[in-house]
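Colleague: Could you walk me through this one slowly? I am still learning how to read a model.

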Amino acid sequence: MLIGKPNDIPPSEITPERDYMNRRAFMAEAGKLGLVGAVAPGLLGGGETGRGRVAPGPPGQEELTPYEDVTRYNNFYEFGTGKEDPYRNSGDFNPRPWTIEVAGHCAKPGVFDLDDFLQPHALEDRVYRLRCVEAWSMVIPWRGFPLNRVIARAEPTSAAKYVAFTTVVRPSEMPGQRSRILDWPYREGLRMDEAMHPLTLFTTGLYGRDLPNQNGAPLRLVVPWKYGFKSIKSIVRIDLVEEMPYTTWSAMAPNEYGFFANVNPEVDHPRWSQARERRIGEFRKRPTLMFNGYGNQVSPMYADLDLRRWY
Ligand SMILES: Nc1nc2c(c(=O)[nH]1)N[C@H]1C(S)=C(S)[C@@H](COP(=O)(O)O)O[C@H]1N2
Ligand SMILES: [Mo]
């Protein structure tokens with residue numbers, strides 16, 4: 001996600017040797033955590049069955065991206081713009097205690113201690129692809145619960161048409177926030193039907209552990225059919241709103257990043273193609289899938305939307 005700079009050789013083009021060398025080691029680690037089974041065919045993608053189990057997603061068997069890459073190659077501008085900055089600079093961040101505010105058009109607004117806020121929700125492990133707008137992707141075993149549970153508990157009124165999310169502002173712990181690289185706080189949003197979709201996950205962990213700071217501790221969104229920037233990290237506030245909310249990247253560069261940001265190989269970014277992507281840890285590029293491969297589950301939401309206009 002670079003603004004105002006040529007992006008001739010995106011970082012995604014450079015696959016460090018160690019990624020390749022260490023894959024087996026990381027798969028072994030995943031095995032120890034009991035997660036290798038989670039990549040069995042049919043488990044990727046999720047979507048709930050009536051019993052709350054994970055249903056078959058997009059076809060094909062995909063390897064998990066190694067834990068080391070998931071936690072050392074990140075976008076989290078609050079900790080710096082380099083891919084390793086979040087890993088290097090997030091050590092002083094304190095994800096506890098944490099409060100989260102729910103506000104706006106709902107019957108049950110409030111300010112909650114995070115642990116009370118999470119307590120009613122059973123955590124599930126789900127393997128989702130995350131496809132960055134910069135044309136790299138990962139396959140990550142997330143731990144979380146559907147966002148729709150939180151929204152239901154807030155009892156939204158009919159005026160709630162969108163959900164807006166806000167990241168914490170803590171320049172003392174987030175060195176990136178000491179410069180004005182973005183208009184802090186980082187903000188994102190979803191249309192209500194997207195927020196209520198069973199694939200949309202509120203996430204508290206990955207690889208069976210609590211979220212590392214660099215991945216958005218203690219609570220982040222994961223919206224697997226949208227470009228990664230929609231998956232806002234370290235959330236402190238949720239607003240149920242009537243109008244399409246302000247979102248950081250679409251405000252920063254509206255001709256490059258839209259509100260919807262659905263993964264779409266047919267709609268290029270003005271400065272690069274979105275047709276293919278590099279899976280972190282692989283050498284050859286692979287084709288990007290419409291809606292990141294989740295189309296059979298999400299495309300009905302966009303039946304009436306011109307996806308070239310509403311990118
Ligand atoms: N608050 C905040 N959330 C954020 C970002 C950010 O800079 N700040 N970067 C986004 C982008 S561009 C991507 S690709 C994903 C990356 O998530 P990951 O680091 O866990 O892979 O986080 C998203 N969430
Ligand atoms: Mo991204």
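Predicted model: local features only at pLDDT ≥ 70, side-chain atom pairs only at ≥ 80, totals over all residues.

Colleague: Which residues are closest to ligand 1, and how many surround it?

Modeller: Ligand 1 is surrounded by 15 residues, and the closest of them are Asn74, Tyr77, Glu78, Arg220 and Lys233. Sorted by kind, the residues of that shell are six nonpolar, six polar and three charged.

Colleague: What lies 2.8 Å from an oxygen atom of the ligand?

Modeller: That is a backbone N or O atom of Tyr77. Another oxygen contact comes from Asn215, with a polar side-chain atom 3.0 Å from an oxygen atom of ligand 1, while a polar backbone atom of Ser231 lies 2.9 Å from a nitrogen atom of the ligand.

Colleague: How much of ligand 1 does the protein bury?

Modeller: Taken alone, ligand 1 exposes 530 Å², and the protein buries 99% of that area.

Colleague: And where does ligand 1 sit?

Modeller: Ligand 1 sits in the largest cavity.

Colleague: Changing topic, how many disulfides are there?

Modeller: The count is zero, going by sulfur atoms within 2.5 Å of each other.

Colleague: Is Cys106 buried or exposed, and why?

Modeller: Cys106 is buried because its relative accessible area is 11%, which is under the 20% cut-off. Cys132 is also buried, because its relative accessible area is 5%.

Methods:
Residues numbered from 1 in each chain as written. Chains lettered and ligands numbered in written order. Heavy atoms only, no water. Near = heavy atom within 4 Å. Polar contact = N/O pair within 3.5 Å; in protein donor to acceptor, adjacent residues only side chain to side chain. Areas by Shrake-Rupley, 256 points an atom, 1.4 Å probe, with all protein chains shown as cover. 1 Å grid on protein atoms, 1.4 Å probe; cavity = no way out; pocket = protein on both sides within 12 Å on 5 of 7 lines; lining within 4 Å. Sits in = over half its atoms within 2 Å of the grid points. Nonpolar A, V, L, I, M, F, W, Y, C, P; charged D, E, K, R; others polar. Buried < 20%, exposed > 50% of the residue type's maximum accessible area, 1.4 Å probe, protein only.
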